[in-house]
Amino acid sequence: MARVIILGSSGAVCDAQHDYSHFLLIGKEDGPVLVDAGSNPLEKIKGLGIDDLALQDIILTHFHSDHVAGVPNMLMHMWQMGRKQPIRFYGIPHCIDRVEGMMDMYGWAYWPNFFPVSFTRTGLGDDTLLFENRDFLIRSFPVVHFIPTIGMRITNKHNGKVLAYSCDTEPCPNALKIGKDADIFIHEAGGPPPGHSTGRMAGEAATEAGAKELRLIHYQVWNQNPETLVPEAAQTYDGPITLCRDFDEFEF
């Protein structure tokens with residue numbers, strides 16, 4: 001079985017108990033895959049007993065600070081610790097172009113003896129191959145957010161199970177394609193449109209997509225109680241519902 005570790009569950013305004021939404025995919029044969037980096041995840045990865053040198057593949061879903069702002073500190077951290085292993089980033093051009101520009105602003109070309117970093121730009125079409133290794137096949141779909149953004153269908157190549165991730169989106173047809181018959185549908189619940197979805201809308205998406213399980217992420221935590229999102233989603237979805245929390249771990 002593959003494992004998912006939620007490193008952060010919050011929307012753009014986080015607090016001490018909820019970091020920005022990002023997670024790790026851990027398979028049986030290849031190294032872990034990081035999805036987004038709104039903050040530097042390396043301390044958390046170390047705390048989980050995972051060697052950060054094994055981390056070589058990072059997917060970035062869109063260029064909002066709560067999804068990419070940790071990249072410069074993460075790369076500097078790795079460099080300062082003497083990393084030599086390569087890092088590979090994957091994402092759509094709108095995001096990857098800006099991440100490269102962000103690193104240029106930090107003058108990383110002048111950081112001596114820097115390890116190899118590559119950037120793979122993928123298309124913004126439906127059902128686009130985003131990433132593949134011996135454990136996972138990941139296909140992306142554009143969703144409806146404030147800037148170009150992708151959600152993902154992640155297939156465990158060892159057992160065929162599907163993890164769907166809506167990323168940041170308001171209700172849209174592609175969210176249903178992402179979640180179609182998924183074993184687990186991780187859906188945002190950041191609030192009403194534009195650009196986001198409520199818990200009720202996440203439940204509707206899971207029902208229409210035929211997902212077997214719903215997990216809510218990217219929710220508001222500042223002066224709000226996110227626990228109410230579960231009964232809200234249950235109004236429109238009768239399957240199992242979980243509120244993602246930082247350091248949750250589950251299999252698919």
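Which residue in strand 8 does glutamate 132 stand opposite? The residue is leucine 137.

This is a predicted model, in which local features need pLDDT of at least 70, side-chain atom pairs count only at pLDDT 80 or more, and totals for chains, interfaces and linings use all residues. Residues are numbered from 1 along each chain as its sequence is written, and side-chain values use heavy atoms, leaving out hydrogens and water.

Strands (DSSP runs of E, at least two residues) and helices (H or I, at least four) are numbered from the N terminus. Two strands pair if DSSP finds at least two bridges between them. Seven strands form an open sheet with mixed pairing, in the order 7-8-9-10-11-12-13. Its edge strands, each pairing on one side only, are strand 7 (128-132) and strand 13 (241-243).

| Strands | Sense | Bridges |
|---|---|---|
| Strand 7 and strand 8 (residues 136-143) | antiparallel | four bridges |
| Strand 10 (residues 162-165) and strand 11 | parallel | three bridges |
| Strand 11 and strand 12 | parallel | four bridges |

The chain passes from strand 10 through helix 5 (residues 173-179) to strand 11 in a right-handed β-α-β crossover; right-handed means that, with the strands pointing away from the viewer, the path from the first strand over the helix to the second runs clockwise.

Both faces of strand 11 are covered: Ile184, Ile186 and Glu188 on one side, and Phe185 and His187 on the other, are all buried (under 20% relative accessible area, 1.4 Å probe, protein chains only). Isoleucine 186 has arginine 215 in strand 12 as its bridge partner. The crossover from strand 11 through helix 6 to strand 12 is right-handed.

Terms used
Buried means under 20% relative accessible area, exposed over 50%, partly exposed in between (1.4 Å probe, protein chains only).
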